[in-house]
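I went through the model below and kept notes on a few places in one chain. The entries follow in the order in which I looked things up.

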Amino acid sequence: MRLALFIVTATLVVAGAADAATAPPPRADVLYNAGTAALDQGDVGPAVAFLTAAARLEPRARDIQINLKQATAAAARARGVESQDEIEVPGEVPLSTAEIAWAGAILLLVGAALGIASRVTRLPRTLAIAAVLAVAVGAAIHVWLLARAHAEAVHPEAVVVVPQLAVERGPDEPSRAPVVLGAGERVRLGPTRGGQVEIRVAGAAIGWAPHEGLWRVQETPRYTARYATP
Amino acid sequence: MVKGVPWISVRAPSFLLALAAALALLAAAALALLPSSARAEQLTAEAELDRQQVLVGEPATLAITITAEGLDVPAIKLPLIAGLDVTATEQSQGFSWMNGVISRSVTSTFVLRASTPGDYVIPSFLIRSGKKEAKTQQLVLHVRATMPRSGGGLGGGGGPELFARLTLDRTRAYWNEGVTARFTLYSRVRYEGAPAWDPPDAPGFWTEVLGPARTGRIRVGDVEYDATEMRVEYFPTRTGRLRIGPGRVHAQVVRQVPVPDPWSALGMPETQVQDIELTTEQLAVDVAPLPKGAPSTFRGAVGSYDLDVTVDRAVVRAREPVNVATVLKGEGNLAAASDPDVSSTLPSRRYAGAASTGLDRSGLRLKGERRRETSFVPERPGSFAILPVRFSWFDPEQGRYRTQVSDTITVRVLPPGSGSDTLGPAALLGPVAPRRSHPGAGGSLALVPPWPADVVAWGSLLAYLGVLAGLGARDRSLRDPRRKRERELDAIARELARAGSAAPTPARTALLLRRAAEARYVADIEGLPVGDAAARLTTAGMPAEDAARWKETLERLEQLAYAPPDARGAGGTALQAAAELVRRFREGLA
């Protein structure tokens with residue numbers, strides 16, 4: 001278990017470093033402007049995708065939050081959800097991944113330093129307990145980040161960008177009625193097979209759909225040129 | 001001795017606490033990674049035989065279906081059934097997602113064969129998934145030894161050459177529940193062309209023939225036959241005892257006839273074609289009426305169904321049609337199942353299309369899909385709802401009525417437009433924030449933490465755990481009584497090895513020798529006379545030779561301690577003897 005976690009961590013760290021070294025990092029303002037332009041044009045699927053990506057970089061930015069809420073609500077209405085109460089905007093942690101990671105790292109660093117000091121010198125008992133708590137919370141934060149990055153790597157988040165996306169059964173699965181997803185719905189993706197990708201909702205695979213109808217949140221910077229502001 | 005040494009350091013609880021906290025967090029993270037749907041909420045298990053009566057050696061198929069809400073569908077392990085040869089053949093999986101509930105089913109099929117006649121009980125067995133349990137029902141397979149001879153068979157040594165049988169998959173059924181009949185012709189002789197079955201008599205049934213006749217070879221007892229089977233599914237249209245059959249089959253059997261003149265036709269045997277007609281037995285089916293308490297939306301569908309309602313668009317312009325399709329899928333008499341009503345909240349033009357039914361006759365049961373489209377044409381902009389569509393049917397496997405209700409589907413109606421491809425700006429709840437002109441933050445969208453933060457975090461954790469482990473090992477070493485005695489003997493040996501003015505006095509050497517003996521043999525000899533001390537040390541394990549030498553050395557040292565200073569020069573031998581004894585003690589302890 002520990003070895004697997006270590007390997008996954010190392011892979012993610014190396015992959016992250018490699019990405020950072022080869023491609024310019026996406027910027028929140030570019031994604032936000034593309035999302036706002038898509039929202040103006042009534043393309044709620046792309047708008048949700050761009051603004052979700054922008055919120056990953058600037059989770060506390062008020063303008064991004066406002067437009068993401070508008071895009072999610074518009075997408076829900078386009079799917080036929082009329083009641084305001086039924087429109088759910090997914091809640092996110094108001095910190096970016098880097099901020100959470102550094103907070104956890106600082107907690108771990110301070111906790112470890114205090115913990116070591118408490119072992120070699122006399123420190124107040126409350127300080128020693130605080131050190132253990134800081135180490136525990138810091139480790140928990142990084143384990144959670146690791147799990148989240150692993151989930152994103154294995155089942156990346158994606159947004160439906162076409163008005164209706166029929167999620168059909170796989171070729172070796174029994175016949176059943178297709179599930180129809182609407183623009184702006186957020187799902188997770190599984191393996192691809194030909195032009196089809198597995199769609200997952202709430203941790204379970206619900207069928208297969210053409211991947212043209214979906215944008216991965218990670219890959220939204222590729223599409224910003226379509227909604228470039230002059 | 002170890003008295004006064006704390007066995008548990010005062011700092012140990014914090015280390016244990018940290019370790020326990022880290023383990024708990026790892027466990028919590030692992031639990032959080034599990035898919036939420038892995039927790040099965042409902043579990044059902046069903047077992048079904050394709051026929052209840054077979055001949056010795058003839059295969060019967062047992063299908064076991066396990067359905068679990070959630071994904072944790074347990075594996076099927078068929079218990080041993082005495083006298084039956086069981087072979088697993090295939091496994092199929094089903095999936096449904098309805099009203100946010102994910103349901104999965106796994107069907108495993110097994111071929112059962114018996115070598116001796118009798119009634120074989122397939123016991124009910126328990127399926128577990130988490131804390132949920134389900135039991136299959138008990139089944140009985142009747143295995144017959146005798147083959148039909150009267151009417152249905154033509155004679156021959158070792159069993160009939162040709163006979164016909166009718167088997168039913170059930171002899172009790174509900175009204176409109178399918179009963180699958182197999183009309184099988186078994187043959188050990190050659191016949192020309194394909195056997196022709198007359199439509200079997202079955203008054204009171206709606207009849208559906210399941211595909212073309214199937215052929216194959218089958219072993220009945222010790223005899224192998226060519227079998228031609230026609231499957232027919234009967235749906236009772238009235239209650240009471242109804243009869244199926246007899247079925248009649250016509251075949252042209254090729255027989256060799258004796259040659260009257262051995263010289264004619266060069267002695268080749270002659271054949272002639274004989275038209276034969278075989279009949280099966282007639283079997284009865286007891287048809288029970290459907291139970292009372294049918295829902296108001298029930299219109300006679302019996303079987304296993306699934307309703308799907310789709311709308312071709314959720315946003316439409318006024319005076320453009322919205323097509324609502326109701327799709328009924330499943331097993332049963334779909335042709336007799338009525339379509340559910342579809343209605344909307346808006347007074348709009350409504351057009352009901354014709355229903356189309358597609359049937360699949362390739363399996364053991366009639367199944368298919370019935371589709372009907374209803375179009376609504378809204379006149380004014382706004383929105384309207386397609387009201388929940390209800391469909392009720394009777395499920396004979398569960399013996400109860402079931403109703404499936406679709407969600408309300410809201411359709412937005414935009415003003416009539418120019419017909420452009422896009423639907424224009426989205427309907428928004430409020431003002432949209434303006435675009436930005438200043439640059440924003442950059443970073444990775446992959447949710448991977450920055451590697452410097454990872455290095456700081458995991459490096460700090462490793463350093464902390466490393467220091468804790470190192471200090472813990474040191475504490476354990478310090479608390480080890482054996483190591484403590486070794487260290488004490490080493491210190492005594494070092495002090496005795498000093499030379500010159502730093503060398504210990506005879507009195508000090510005597511004291512060190514006592515302490516060395518105490519450390520080596522864990523015996524308290526403080527204050528005892530030399531003789532008593534030597535005796536106690538011998539009791540504690542000191543060899544008699546060493547005890548005598550220790551006593552002698554100690555006595556000489558004590559004498560030297562009280563001798564005049566000028567007489568102490570002769571004490572070098574005693575000091576060497578003391579150092580030698582301490583060295584032996586140390587070696588003995590190691």
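This is a predicted model: local features need pLDDT of at least 70, side-chain atom pairs count only at pLDDT 80 or more; totals for chains, interfaces and linings use all residues.

**Entry: positive phi**

I looked up Asn176(B), whose phi is near 70°, a positive value in a residue other than glycine. I found Asn176(B) in the loop between β12 and β13 (179-187) of chain B. Is Asn176(B) buried or exposed? I count 23 C-beta neighbours inside 10 Å, so Asn176(B) is buried.

I then looked up Leu447(B), a residue other than glycine with a positive phi, near 65°. Leu447(B) sits in the loop between β31 (409-414) and α2 (451-479) of chain B. Leu447(B) has 22 C-beta neighbours inside 10 Å and therefore counts as buried.

**Entry: the sheet with β12**

I followed β12 into its sheet, which is open, has three strands in the order β12-β21-β18 (chain B), and shows mixed pairing. Which strands are at the edges? They are β12 (172-174) and β18 (240-244) of chain B, each of which pairs on one side only. I note that neighbouring strands of this sheet are turned by 35° against each other on average, direction ignored.

I checked the pairing of β12(B) with strand β21 (residues 283-288) of chain B: the two run parallel and are joined by three bridges. Opposite Ala173(B) I find Val287(B) in β21(B).

**Entry: a cis peptide bond**

I looked at the loop between β18 and β19 (248-257) of chain B, where Pro246(B) is found. The peptide bond leading from Gly245(B) to Pro246(B) is cis, with omega near 0°.

**Entry: the partners of β9**

I next took strand β9 (residues 139-144) of chain B, which pairs with strand β2 (residues 53-55) of chain B in the parallel sense over three bridges. Strand β6 (residues 118-122) of chain B is joined to β9(B) by five bridges, and these two run antiparallel. Which residue of β9(B) is the bridge partner of Val54(B)? It is Val143(B). I also find Val143(B) of β9(B) opposite Gly118(B).

**Entry: Tyr305**

I located Tyr305(B) in strand β22 (residues 298-311) of chain B. Tyr305(B) has 22 other C-beta atoms within 10 Å and so is buried. Leaving out residues up to four places away in sequence, I find Tyr305(B) touching Leu328(B), Lys329(B), Gly330(B), Gly332(B) and Trp393(B). I also looked up Lys367(B): it is 62 residues from Tyr305(B) in sequence and 9.4 Å away in space, C-alpha to C-alpha.

**Entry: a helix pair**

I ended with helix α3 (residues 481-496) and helix α7 (residues 572-589) of chain B, whose axes come within 10 Å and cross at roughly 160°. Angles over 145 degrees count as roughly antiparallel, so α3(B) is roughly antiparallel to α7(B). The crossing of α3(B) and α7(B) is left-handed.

I listed the contact residues: α3(B) contributes Arg485(B), Glu486(B), Leu489(B), Asp490(B), Ile492(B), Ala493(B) and Leu496(B). From α7(B) come Ala578(B), Ala579(B), Val582(B), Arg583(B), Phe585(B), Arg586(B) and Leu589(B). By class, I count nine nonpolar, no polar and five charged residues in the contact of α3(B) with α7(B).

Methods:
Residues are numbered from 1 along each chain as its sequence is written. Chains are lettered from A and ligands numbered from 1 in the order in which they are written. Two strands pair if DSSP finds at least two bridges between them. Helices (H or I, at least four residues) and strands (E, at least two) are DSSP runs, numbered from the N terminus. Axes are lines fitted to C-alpha atoms, for helices over the stretch in contact, and angles run from 0 to 180 degrees between N-to-C directions. Angles under 35 degrees count as roughly parallel, over 145 as roughly antiparallel, 65 to 115 as roughly perpendicular and the rest as oblique. A crossing is left-handed if the near helix is turned anticlockwise from the far one by less than a right angle, and right-handed if clockwise. Two residues are in contact if their C-beta atoms, placed from the backbone, lie within 7 Å. Ala, Val, Leu, Ile, Met, Phe, Trp, Tyr, Cys and Pro count as nonpolar, Asp, Glu, Lys and Arg as charged, and the others, Gly among them, as polar. A residue is buried if 20 or more other C-beta atoms lie within 10 Å of its own, exposed if 12 or fewer, and partly exposed in between; C-beta atoms are placed from the backbone.
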